[in-house]
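Morning, everyone. Please bring up the model on your screens, and I'll walk you through it.

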Amino acid sequence: MEKDSKNIKPQAGDLVFVYGTLKAGFYNHRVMQYAKGSFVSRATTTKAFPMIDGGFPYLYDEEGVGNEIVGEVYQIPTEQGFSPLDGLEGYPHHYTRRKVGVVLSDEGDKTVDAWVYFANHERQTDELISEFR
């Protein structure tokens with residue numbers, strides 16, 4: 001996928017991969033509900049990325065470093081549905097976003113592209129995790 005997605009806007013029906021507090025059962029999942037996101041599947045990134053746990057997870061756009069990341073994929077029904085997600089993530093200043101390949105584990109291991117939010121600051125540790133719990 002294109003590394004610089006700044007000029008690409010999410011479209012109605014696009015998928016988003018979440019790996020932290022937006023997942024079901026976590027305190028920011030309500031924001032996914034505001035976005036009217038529909039659960040699609042548990043998923044894993046097709047490539048490795050570094051993720052740290054600083055009380056909540058930070059994922060860094062350093063493809064090939066770290067682990068394949070475990071999370072959930074949701075379908076966002078409207079372009080406006082990304083607004084609450086962008087607000088929570090502080091896009092585009094605190095986080096950036098781009099599409100990456102993910103494998104849908106509940107859909108026969110089908111591979112799709114989904115938006116992912118990446119921390120927009122330098123990583124401060126090498127203590128990496130693959131799943132936020």
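Let me begin with a term. A nonpolar core is a set of buried Ala, Val, Leu, Ile, Met, Phe, Trp, Tyr and Cys residues joined through side-chain atoms within 4.5 Å. Buried here means under 20% relative accessible area. And please keep in mind that this is a predicted model.

So, the core. The largest one has 33 residues. Which members touch the most others? They are Val-16, Phe-17, Tyr-19, Met-32, Leu-59, Leu-85 and Val-102. Strand 7, residues 110-119, gives the most to this core, with 7 residues. In soluble globular proteins, nonpolar side chains tend to be buried together.

Take Leu-85 from that list. Leaving aside residues up to four places away in sequence, what does Leu-85 touch? Its contacts are Val-16, Leu-22, Val-31, Met-32, Ala-35, Ile-76 and Tyr-117.

Next, the pocket. The largest pocket has a volume of about 220 Å³. Its lining has 15 residues. Nearest the centre lie Thr-21, Phe-56, Leu-88, Glu-89 and Tyr-95. Which elements give two or more residues to the lining? Strand 1, at 15-18, and helix 2, at 82-89. By type, the lining divides into 10 nonpolar, 4 polar and 1 charged.

Now look at His-29. You will find His-29 in helix 1, which covers residues 29-34. Is His-29 buried or exposed? Its relative accessibility is 15%, so His-29 counts as buried. Who are its contacts, again without residues up to four places away in sequence? His-29 touches Thr-21, Leu-22, Lys-23, Ala-24 and Tyr-74. Thr-21 is also one of the residues nearest the centre of the largest pocket.

On to charges. How many salt bridges does a search of the whole structure find? The search finds 9.

Start with Glu-63 and Arg-98. Their closest N and O atoms are 3.0 Å apart. Glu-63 lies in the loop between strand 4 (57-59) and strand 5 (67-75), and Arg-98 lies in strand 6 (residues 95-104), so the pair ties together parts 35 residues apart in sequence. Glu-63 is partly exposed, at 41% relative accessibility. Arg-98 is buried, with a relative accessible area of 3%. Both residues belong to a network of salt bridges that also links Lys-47 and Asp-61.

Next pair: Arg-97 and Asp-86. Their side chains meet in a salt bridge, 2.9 Å from N to O. Arg-97 sits in strand 6 and Asp-86 in helix 2, 11 residues apart, and the pair links distant parts of the chain. Arg-97 and Asp-86 are both buried.

Last pair: Asp-126 and Arg-123. This salt bridge is 2.9 Å, N to O. Arg-123, at 18%, counts as buried. The cut-off for buried is under 20%.

That's the tour. Over to you.

Terms used. Residues numbered from 1 in each chain as written. Predicted model: local features only at pLDDT ≥ 70, side-chain atom pairs only at ≥ 80, totals over all residues. Heavy atoms only, no water. Buried < 20%, exposed > 50% of the residue type's maximum accessible area, 1.4 Å probe, protein only. Helix = DSSP H or I, 4+ residues; strand = E, 2+ residues; numbered from the N terminus. Contact = heavy atoms within 4.5 Å. 1 Å grid on protein atoms, 1.4 Å probe; cavity = no way out; pocket = protein on both sides within 12 Å on 5 of 7 lines; lining within 4 Å. Points joined across faces, edges and corners; volume = space filled by probe spheres on them. Nonpolar A, V, L, I, M, F, W, Y, C, P; charged D, E, K, R; others polar. Salt bridge = Lys/Arg side-chain N within 4 Å of Asp/Glu carboxyl O.
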